[in-house]
Amino acid sequence: MHHILYRILKTGILTEPAPSPSDTLLAQAENLSALSYRRFGHSLSIRHLDAGSCNGCELEIHLLNSPYSMLEALGFRFVASPRHADLLMVTGPVSLHMKEALLATWEAMPHPKLVVAVGDCSLDGGVFAGSYAVAGGVDSVVPVRVRVPGCPPDPRALLQGLITAVEG
Ligand code: SF4
């Protein structure tokens, strides 16, 4: 018992401190929540599609949903079906194997079918451009409303991209 307490005291706190109430990330999230209610009449429903990513961009998207950002508390939802989605976030270059799936996902969505391309790879293939397995950027398959550059883009950039898409 003493041994465990000693280890706890010696290790200290390793987690990040909670965001302060004045953190701009939370203010941006509240802004998006209000925008979404004005435009759709409900909170934003997002479908994420990995079209061939290295998963770096996914880690940043997960942060949007983490206890740090608490976006679900503001009503955001990542949905499983594209039929329930207002907005599609696509990560990665579009691999040849995922090209048809991306198109089918987009076609299944109700209008306005907002698409946000996340990360440098989604813009033009990024580090995978020119590969025999890559069809190109997301806009070579479906219309893209907003592009979020970065490798990977951080949660603030992602939120700004969502806001720009919903504002449009
Ligand atoms: S933009 Fe960077 S982090 Fe995102 S899928 Fe491409 S290589 Fe990975």
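Two residues are in contact here if their C-beta atoms, placed from the backbone, lie within 7 Å. I start there since contacts come up throughout this talk.

Leaving out neighbours within four places in sequence, Leu88 is in contact with Arg47, Leu49, Pro82, Thr105, Trp106, Met109, Leu114 and Val115. Leu88 is also one of the residues with the most contacts inside the largest nonpolar core. That core has 39 residues, and Leu87, Val90, Leu102, Val115 and Val116 are likewise among those with the most contacts inside it. As background, nonpolar side chains tend to be buried together in soluble globular proteins.

Now the overall layout. The protein has six helices and seven strands. Read along the sequence, they follow the pattern α-α-β-α-β-β-β-α-β-α-β-β-α. The C-alpha trace spans about 60 × 40 × 25 Å along its principal axes. There are 168 residues, and 38% of them are buried. Of the contacts with a separation of 6 or more, 77% are between residues 24 or more positions apart.

I will go through the elements roughly in chain order. Helix α1 covers residues 2-11. How many of its 10 residues are buried? The number is zero, so helix α1 lies largely in the open. After α1 comes Gly12, which has a positive phi, near 75°.

Helix α2 runs over residues 24-40 and contains Ala34. Is Ala34 buried or exposed? Ala34 has 12 other C-beta atoms within 10 Å, and a residue with 12 or fewer counts as exposed, so Ala34 is exposed. Ala34 and Leu74 are 40 residues apart along the chain, and their C-alpha atoms are separated by 9.6 Å.

Next is strand β1, residues 45-50, where Asp50 is found. Asp50 has 19 C-beta neighbours inside 10 Å and therefore counts as partly exposed. Not counting residues up to four places away in sequence, Asp50 touches Glu58, Thr91 and Gly92. Asp50 and Gly75 are 25 residues apart in sequence, and their C-alpha atoms are 23 Å apart in space.

Between β1 and α3 there is a loop that holds Asn55. Asn55 is not a glycine, yet its phi is positive, about 85°. For context, most residues other than glycine have a negative phi, and most peptide bonds are trans. Asn55 is exposed because it has 11 other C-beta atoms within 10 Å.

That brings us to α3. Which residues of α3 are buried? They are Cys57, Glu60, Ile61 and Leu64. Seen down the axis of α3, these buried residues fall within an arc of 100°, so they line one face of the helix. The general rule behind such a pattern is that an α-helix has 3.6 residues a turn, so residues three or four places apart point the same way. What do the buried residues of α3 pack against? They pack against β1, β3 (87-91), β5 (114-118) and α6 (155-167).

The peptide bond from Cys151 to Pro152 is cis, with omega near -5°. Pro152 lies in the loop between β7 (146-148) and α6.

There is another cis peptide bond to point out, the one that joins His111 and Pro112, where omega is about 15°. Pro112 has its place in the loop between α4 (96-108) and β5. Lys113 is found in that loop between α4 and β5 as well. Lys113 has a positive phi of about 55° although it is not a glycine. With 18 C-beta neighbours inside 10 Å, Lys113 counts as partly exposed.

To recap, this is a predicted model with six helices and seven strands.

Notes:
Residues numbered from 1 in each chain as written. Predicted model: local features only at pLDDT ≥ 70, side-chain atom pairs only at ≥ 80, totals over all residues. Buried ≥ 20, exposed ≤ 12 C-beta atoms within 10 Å, placed from the backbone. Helix = DSSP H or I, 4+ residues; strand = E, 2+ residues; numbered from the N terminus. Core = buried A, V, L, I, M, F, W, Y, C linked by C-beta atoms within 7 Å. Arc of directions from axis to C-beta.
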